[in-house]
Amino acid sequence: MKLSGFPLSLLCATLFLWLAHAGSLKRCQISMDVHQIEKSFQGIKNTIQTKDVFQNVTILSASETLFNITPSDVCCMTKNILGFYVDKVFRNHEESDPRIQRGLSTLANSFLRIRNALEQCKNQRNCDCREEATEKFQIIVGNYEQMEVKAAAIKALGELDILLSWIIRNYRPKAATK
């Protein structure tokens, strides 16, 4: 049986489009000083985490949401989570300690810069959200909204190590990984 050129062309075109979509994150590189972000969090981590009274509850639930994201959804999920932290978590947290306030402000500004860069990628259609990524993000939002606002903000801030680990895993160039 002789295969005509049309099915082969269709297969090649489909494969090309899939690879282009999967590679969209590569076209959407973000510049960030991961070490500065980590340093800012490490400076406040213990103080924030000791305020968390719900040790058996998680918001990011790493095994279900973040670490099962496909490469084509990383950009979208990152943009959504950083926006969630900027718009809800940092705004809902009340802090009286100036040292912690400075650390949180540094983190919030870093997240805002990254989110804005990813928003530009989205505007160029390089950071589309698939339904699966949207559903996983909604799990995170739902976990947050099930808690009282102040407790949820503390919990989410205490889980920044999970988020930062995920960001580093997905955005750090392989050569820079130690």
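This is a short exchange on how terms are applied to a predicted model.

Trainee: What makes up the fold, in helices and strands?
Mentor: There are 7 helices and 0 strands. Along the sequence the pattern reads α-α-α-α-α-α-α.

Trainee: Why is Lys39 called exposed?
Mentor: Exposed means over 50% relative accessible area. Lys39 has 60% relative accessibility, so Lys39 counts as exposed. Lys39 is found in helix 2.

Trainee: How far apart are Lys39 and Gly103, in sequence and in space?
Mentor: They are 64 residues apart in sequence. C-alpha to C-alpha, the distance is 9.0 Å.

Trainee: Which residues touch the most other members of the largest nonpolar core?
Mentor: Tyr85, Phe111 and Leu163 do, in a core of 43 residues. Helices 2, 3, 4, 5, 6 and 7 each give two or more residues to this core. Helix 3 gives the most, with 10 residues.

Trainee: What is Leu163 in contact with, leaving aside neighbours within four places in sequence?
Mentor: Contact needs heavy atoms within 4.5 Å. The partners of Leu163 are Leu60, Leu66, Ile81, Leu82, Tyr85 and Phe111. Two of these, Tyr85 and Phe111, are named with Leu163 as touching the most other core members.

Trainee: How much of the protein counts as buried?
Mentor: Of its 178 residues, 43% do. The protein exposes about 10400 Å², with 56% of that from carbon and sulfur atoms.

Trainee: Where is the predictor's confidence lowest and highest among the elements?
Mentor: Helix 1, residues 5-22, has the lowest mean pLDDT, at 40. Helix 6 has the highest, at 95. For the protein the mean is 79, and 77% of residues reach 70 or more.

Trainee: Over which residues does pLDDT stay under 50?
Mentor: Residues 6-27 are one such stretch, with 12 contacts beyond four places in sequence. Residues 174-178 are also below 50, with 2 contacts beyond near neighbours in sequence.

How values were computed. Residues numbered from 1 in each chain as written. Predicted model: local features only at pLDDT ≥ 70, side-chain atom pairs only at ≥ 80, totals over all residues. Heavy atoms only, no water. Core = buried A, V, L, I, M, F, W, Y, C linked by side-chain atoms within 4.5 Å. Buried < 20%, exposed > 50% of the residue type's maximum accessible area, 1.4 Å probe, protein only. Helix = DSSP H or I, 4+ residues; strand = E, 2+ residues; numbered from the N terminus. pLDDT = per-residue confidence, 0-100. Areas by Shrake-Rupley, 256 points an atom, 1.4 Å probe, with all protein chains shown as cover.
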